[in-house]
Amino acid sequence: VLTEDVQAYVKSELARPRGEGGGPGFNLPPLQPVDFAKFGPVTTQPLSRIKKLSGGFLHRNWVSIPHITQQDEADITELEAFRKSQADEAKKSGTKITMLGFLVKAVVVALKQFPEFNASLSADGESLVLKGYFHIGVAVDTPNGLVVPVIRDADRKGLLDIAKELGEVSTRMRSGKIAPVDLQGGCFSISSLGGIGGTFFTPIINAPEVAILGVGKAVMKPVWNGKEFAPRLMLPLSLSYDHRVVDGALGARFISHLASVLTDIRRLVL
């Protein structure tokens, strides 16, 4: 190895765009094939097309974005009571009001307060593209894998409109009627596992977005109110964000603000 070789390599690395994936440290040796059948009976099941496509993107996002996951809980006792009180009225129009609709609206409120989360890094990694629109991606579990359709202009839609759209798009995704435009243009994503269970987790950022919200199952807990412990319905929140764009203090402020909006839904109209 000559001095000129080292200088050429350093020059090429310095010329690489900062936002480009890969780089030093990711040239790992491949996994060696293993004959699992020699240890016992096995069955080979091919991955679905969706999993094959999403797997590469998830891997790229995980290794190329410095993830930080901030966690908190939101007191949704009053929110859940309000949701249930409106459920029967919504059913008359064929709409099911779920917690996810409130989450979409609350996220929009938080994004307006913290515009750095409603942004993307430029291709060269040198600047931040702040977006003047609010398209929210919502992870949908389908028989063939996870897809993230986008609810466009969520800031301009009412709760019933969003609830209806969520129901329609979920049905289309699960029946395999997925168009590329359904998955494009998202600003921020929500992955809600509350209907299945679990508490906190680390959702992977859906690049080129800079953050994603993971939501677990709400649980009734005793919470100290200053005088006594009272039963409150607490919703676990996990916010993963790109540390190149968002530092820890801003991440904590965002998730705290989001939790306060969910706790007092009157903030949705401010």
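Predicted model: local features only at pLDDT ≥ 70, side-chain atom pairs only at ≥ 80, totals over all residues.
**View 1. Helix H3, residues 77-91, and the elements it packs against**. H3 has 15 residues and spans 22 Å from its first C-alpha to its last, close to the 21 Å expected at 1.5 Å a residue. A kink of about 30° is centred on Ser85. Leu79, Glu80, Arg83, Ala87 and Ala90 are the buried residues of the helix. These residues pack against helix H4 (99-113), helix H5 (159-174), strand S11 (229-242) and helix H6 (248-263).

**View 2. Glu209 in the loop between strands S8 and S9**. The loop that holds Glu209 lies between S8 (188-192) and S9 (211-215). Glu209 is buried but has no salt bridge. Lys131, the nearest side chain of opposite charge, is 6.5 Å away, and a salt bridge would need a nitrogen-to-oxygen distance within 4 Å. The Glu209 side chain does make a polar contact with the side chain of Ser189, at 2.8 Å. Apart from neighbours within four places in sequence, the contacts of Glu209 are Ala119, Ser120, Gly186, Cys187, Phe188 and Ser189.

**View 3. His135 in the loop between strands S3 and S4**. His135 sits between S3 (128-130) and S4 (136-138). His135 counts as buried because its relative accessibility is 10%, and the cut-off is under 20%. The side chain of His135 reaches the backbone nitrogen of Asp153 at 3.0 Å. Not counting residues up to four places away in sequence, His135 touches Val150, Ile151, Arg152 and Asp153, as well as Gly185, Gly186, Cys187 and Phe188.

Conventions: Residues numbered from 1 in each chain as written. Heavy atoms only, no water. Helix = DSSP H or I, 4+ residues; strand = E, 2+ residues; numbered from the N terminus. Expected span 1.5 Å × (residues − 1). Bend = angle between axes of the 7 residues up to and from the residue. Buried < 20%, exposed > 50% of the residue type's maximum accessible area, 1.4 Å probe, protein only. Contact = heavy atoms within 4.5 Å. Lys, Arg positive; Asp, Glu negative; His and termini not counted. Polar contact = N/O pair within 3.5 Å; in protein donor to acceptor, adjacent residues only side chain to side chain.
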